[in-house]
Amino acid sequence: MKTIHSYWAYIVLAILIFTVVNAIIGLTQKKEFKDKDLRLGLFTLIVSHIQLLIGFAWYFMSPWYKALKDPAVSVMANKELRLLAVEHPITMILAIVLITIGWSKHKKKTEDTAKFKTFSIFYGVALLLILSRIPWSNWF
Ligand code: HEM
């Protein structure tokens with residue numbers, strides 16, 4: 001599970017960055033919102049939800065969750081433990097909630113610029129959150 005989560009993260013990051021850049025270009029150049037833009041947003045939504053499921057599956061069998069339940073271990077006082085057991089999961093869940101809200105909000109917009117704007121904001125903030133709480137030193 002840990003290995004799948006680790007590799008799937010490359011796909012999540014690649015597609016999310018691509019979708020955000022595509023939305024910003026669409027917004028600034030006032031492009032028409034085409035089928036491919038919709039598919040990019042949908043693909044990002046699906047890929048990130050799959051990562052959420054893999055993340056949860058790994059989390060509950062990981063030593064980080066066990067540490068959280070162990071009264072002898074002070075998770076919050078240890079920077080690395082806090083990142084893996086608390087900060088990373090909570091921030092990633094929040095990021096995926098933003099992606100989900102962004103997806104459903106864009107569907108209600110009628111103008112192309114508004115659709116690109118919604119993706120730029122919601123998927124963009126989600127990307128920043130994800131980048132801020134990836135355990136980079138463990139990953140590479
Ligand atoms: C967009 C969502 C997510 C992304 C991009 C992501 C990405 C990553 C990356 C790159 C790592 C480092 C992997 C490694 O050490 O090789 C990691 C570790 C981890 N992730 Fe996620 N993650 C996401 C969501 C979640 C969620 C929702 C949970 C739990 C509810 C979770 C739990 C964990 C745990 C426990 C680790 C520590 C792995 C370990 O060293 O044992 N992740 N994640």
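Ground rules, before I go on. I am working on a predicted model, where local features need pLDDT of at least 70, side-chain atom pairs count only at pLDDT 80 or more, and totals for chains, interfaces and linings use all residues. Residues are numbered from 1 along each chain as its sequence is written, and side-chain values use heavy atoms, with hydrogens and water left out.

Entry: overall layout.
I counted six helices and zero strands in the chain, so I wrote the pattern down as α-α-α-α-α-α. Helices here are DSSP runs of H or I with at least four residues, strands are runs of E with at least two, and both are numbered from the N terminus. The C-alpha trace spans about 55 × 25 × 25 Å along its principal axes. Of the 140 residues in the chain, 40% are buried. For accessibility I use under 20% relative accessible area for buried, over 50% for exposed and partly exposed in between, with a 1.4 Å probe and protein chains only.

Entry: salt bridges.
My search of the whole structure gave four salt bridges.

Glu87 is partly exposed at 24% relative accessible area, Arg82 is partly exposed at 24%, and Arg133 is partly exposed at 30%.

Another salt bridge joins the side chains of Asp37 and Lys36, at 3.0 Å from N to O. Is Asp37 buried or exposed? Asp37 is buried, with a relative accessible area of 3%.

Entry: ligand site.
I listed 22 residues around the ligand, and His5, Ser6, Trp58, Trp64 and His88 come nearest. Here a residue is near if one of its heavy atoms lies within 4 Å of the molecule.

Then I went through the N and O distances. The side chain of His5 has an N or O atom 2.8 Å from a nitrogen atom of the ligand. For His88, a side-chain N or O atom is likewise 2.8 Å from a nitrogen atom of the ligand. The Ser6 side chain places an N or O atom 2.9 Å from an oxygen atom of the ligand.

Which elements give two or more residues to the shell? They are α1 (2-28), α2 (35-59), α4 and α6. The largest share, six residues, comes from α2. By class I get 15 nonpolar, six polar and one charged residues in the shell. My classes put Ala, Val, Leu, Ile, Met, Phe, Trp, Tyr, Cys and Pro under nonpolar, Asp, Glu, Lys and Arg under charged, and the others, Gly among them, under polar.

What is the phi of Lys30? I read a positive value of about 50 degrees, although Lys30 is not a glycine. Lys30 lies in the loop between α1 and α2 and is exposed, with a relative accessible area of 66%.

Entry: pairs across the sequence.
I looked up His49 in helix α2, which is partly exposed at 27% relative accessible area. His49 and Thr100 are 51 residues apart in sequence, and their C-alpha atoms are 8.9 Å apart in space. Pro63 is in helix α3 (residues 63-69) and is partly exposed, with a relative accessible area of 45%. From Pro63 to Pro135 I noted 72 residues in sequence and 15 Å in space, C-alpha to C-alpha.

Technical notes: A polar contact is a pair of N or O atoms within 3.5 Å; within protein, one must be able to donate a hydrogen and the other to accept it, and residues adjacent in sequence count only if both atoms are side-chain atoms.
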